[in-house]
There are 2 protein chains.
Amino acid sequence: MLTIAVDAMGGDNAPACVIEGTIQALRESDNRFSVVLIGQSDKIEPLLALQDTEGLNLRFMHAPEVVTMEDIPAIAVKTKQESSLVKGLKLCKTKEADAYVSAGNTGAQMAASLFVLGRLPGVLRPTIYAYFPRLKEGLTNIVDVGANMDCKPEHLVQFAEMLTIYQRFAAGIDEPVVGLLNIGEEEGKGSEVLKQAYKLLQDADRKGKISFIGNIEGHDILKGNVSIVVCDGLVGNTILKFGESIPGFLGALFKPALQKLVSSGQLDEKAAMLTTQVFKSMFEPFDVEKFGGVPFLGVDGISIVGHGRSSSRAIKNMIFMAEHMIEKKVNTHIAEVLSEA
Amino acid sequence: MLTIAVDAMGGDNAPACVIEGTIQALRESDNRFSVVLIGQSDKIEPLLALQDTEGLNLRFMHAPEVVTMEDIPAIAVKTKQESSLVKGLKLCKTKEADAYVSAGNTGAQMAASLFVLGRLPGVLRPTIYAYFPRLKEGLTNIVDVGANMDCKPEHLVQFAEMLTIYQRFAAGIDEPVVGLLNIGEEEGKGSEVLKQAYKLLQDADRKGKISFIGNIEGHDILKGNVSIVVCDGLVGNTILKFGESIPGFLGALFKPALQKLVSSGQLDEKAAMLTTQVFKSMFEPFDVEKFGGVPFLGVDGISIVGHGRSSSRAIKNMIFMAEHMIEKKVNTHIAEVLSEA
């Protein structure tokens, strides 16, 4: 039976939401896998005692130290060996667990995953991607979203290759399509790094490793013509955080505009409520919780990171994502493709 | 009297919209300045003949060649010396005109402005910025938005200095505030270029050239805590184009959601119309036409570039922007500040 290690201390709503999400995952999956919940016993055990966990494949492991959102990644990994983060990843390393899941400090998880698990054969730099809404059916991933600065052309190409494998084997996309984010569509646009990346992506396309459609621009991201947007971590991180701020920004403009119509008597309360529903439904494609979290691609093990704001539903879906990554053998495929010449 | 050279051939709606916008600018300003409209006589003169231009400070200049949106900038500048672009900028160089305004090929205008007008003393790289909507009152500019790739730290600092001068003298902002776009707020985040830029921006702050609040992230752009967002041209261009695609993306989600409520009888036609008004009003802060266009900062002359989709209203506002740049002596201030050690 598969075992998934879950960081009970990670995220703004930990440990309560993590405990709830874990129990939901075990119930919904009918105990298809087992979970080791890791964290401080004085925080976790009283909460666990309030829940009905009888018959669940759930055990608890004490970890006295905690990595916080404020911890500096490289330092946290070295000085907090008794944290849920390091203990959880070590369970994966020794094969006592098959995957690790956390909604904690992303930088620290990246550093610890690299340190404890190492890289898959052939991988230059592990990476992290994000989901984006799109007009067309399907899904769009952007890679890298902050793990890698100053990417070299060969890094960008590996990001495209790893995400292509992920989408093919674990996301049910038969033909992932890669676009290189640039300032214009024509070949020869952009920085030297982008010009060289363009050529290397063409090579990878010719070898059948990816399907590359060329340069794309900022306005192409939401269109959905590509399933994989490749860029440096600074660009991806900025677009991701900018995108996340849009629903709140528009909400702040929407509410007073609607209120004006209500108080002037042009719209009655019922219509205003329906209008608010329409407004909210517009942002359903922005709901990233259905994916829960994303794996670090390229590390020699499965380490799934979630948003700090993760709800119990997000935690549950992250656990399912972990199970999925294990079963679809994404890492085996990555190692195969990236160690080829 | 000031003279403004207007490219009659630039933009998707040229020459009709350009002619209309020019006439509106002269009428509204009560002939405060004069305009030289430059373009192909067989295209322009028949349209001008349909308009009532009596008493307007308007003259026409024939330019047989046209720079198109498809032209490669560096080549267009060299091979199309008889275009409205090159002829208009040459009028500025010989002081027959005080500014040049166009909604044509931005890259070609940048190249031609540099080639014909040159740089202001002390300027390493001229730049181009964009306007962004914000929650707080005031305005936010992002610089650079595509003119400069692979920026060095000293380039980013000059962008901040030039835009600070522009906002102080021409945009009525007493205290422009600069933020450096990065992947995290803490000092020491990001690439080597960003780390060095951070230090140089602190130096410029200490010298009183700018007011620097430190690193900002993608979700800070719409907040309005800074009036100047500094980044490399690739990041700025991507954010700009991504932002421009949002109203259309949400519109495509909004319409069917609203239609569903109407056809199910939950919302009547009148309420649906009002709701659509609310939706549209949400995007008023995204209306960049009120600014018309932006000047290339750092060139030794005034060259204003507008969006390819510019309407006659945008052209009119670009002409007013040109007048404003001349009167506020923005270039004199830039040369003063940037030639200091």
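## A serine in helix 10 of chain B

In this predicted model, B:Ser312 lies in helix 10 (residues 312-327) of chain B; helices (H or I, at least four residues) and strands (E, at least two) are DSSP runs, numbered from the N terminus. B:Ser312 is buried, its relative accessible area being 14%. Buried stands for under 20% relative accessible area, exposed for over 50%, and partly exposed for values in between (1.4 Å probe, protein chains only). Leaving aside residues up to four places away in sequence, B:Ser312 touches B:Cys17, B:Glu20, B:Gly21 and B:Gln24, where a contact requires heavy atoms within 4.5 Å.

## Basis of the model

Residues are numbered from 1 along each chain as its sequence is written, while chains are lettered from A and ligands numbered from 1 in the order in which they are written. Because the model is predicted, local features need pLDDT of at least 70 and side-chain atom pairs count only at pLDDT 80 or more, whereas totals for chains, interfaces and linings use all residues; side-chain values use heavy atoms, with hydrogens and water left out.

## Chain A as a whole

Chain A contains 11 helices and 11 strands. Its radius of gyration is 21 Å, close to the 20 Å that the globule rule gives for 341 residues, so chain A is as compact as a globular protein of that length. The radius is taken over C-alpha atoms, and the rule is 2.2 Å times the number of residues to the power 0.38. The C-alpha trace of chain A spans about 70 × 60 × 35 Å along its principal axes.

Of the 341 residues of chain A, 59% count as buried. Among contacts in chain A with a separation of 6 or more, 72% come from residues 24 or more positions apart. The chain exposes about 13,900 Å², and carbon and sulfur atoms supply 52% of that area, as computed by the Shrake-Rupley method with a 1.4 Å probe.

## Enclosed elements of chain A

Helix 4 (residues 84-93) of chain A has 7 buried residues out of 10, so this helix is largely enclosed by the rest of the structure. The buried residues of helix 4 include A:Ser84, A:Leu85 and A:Val86. After the helix comes A:Lys95, which has a positive phi, near 65 degrees.

Strand 8 (residues 212-216) of chain A is likewise largely enclosed, because 4 of its 5 residues are buried. Strand 7 (residues 178-181) of chain A runs parallel to strand 8 and is joined to it by 4 bridges; pairing requires at least two DSSP bridges between two strands. A:Phe212 in strand 8 is the bridge partner of A:Val178. From strand 7 the chain crosses through helix 7 (residues 192-206) to strand 8 in a right-handed β-α-β crossover, meaning that the path from the first strand over the helix to the second runs clockwise with the strands pointing away from the viewer.

## Strand 11 of chain B

In strand 11 (residues 303-306) of chain B, B:Ser303 and B:Val305 point one way and B:Ile304 and B:Gly306 the other, and all are buried. Strand 4 (residues 99-102) of chain B runs parallel to strand 11 and is joined to it by 3 bridges. Strand 10 (residues 293-295) of chain B pairs with strand 11 in the antiparallel sense, also over 3 bridges. B:Ile304 has B:Val101 opposite it and also B:Pro295.

## Relation between the two copies
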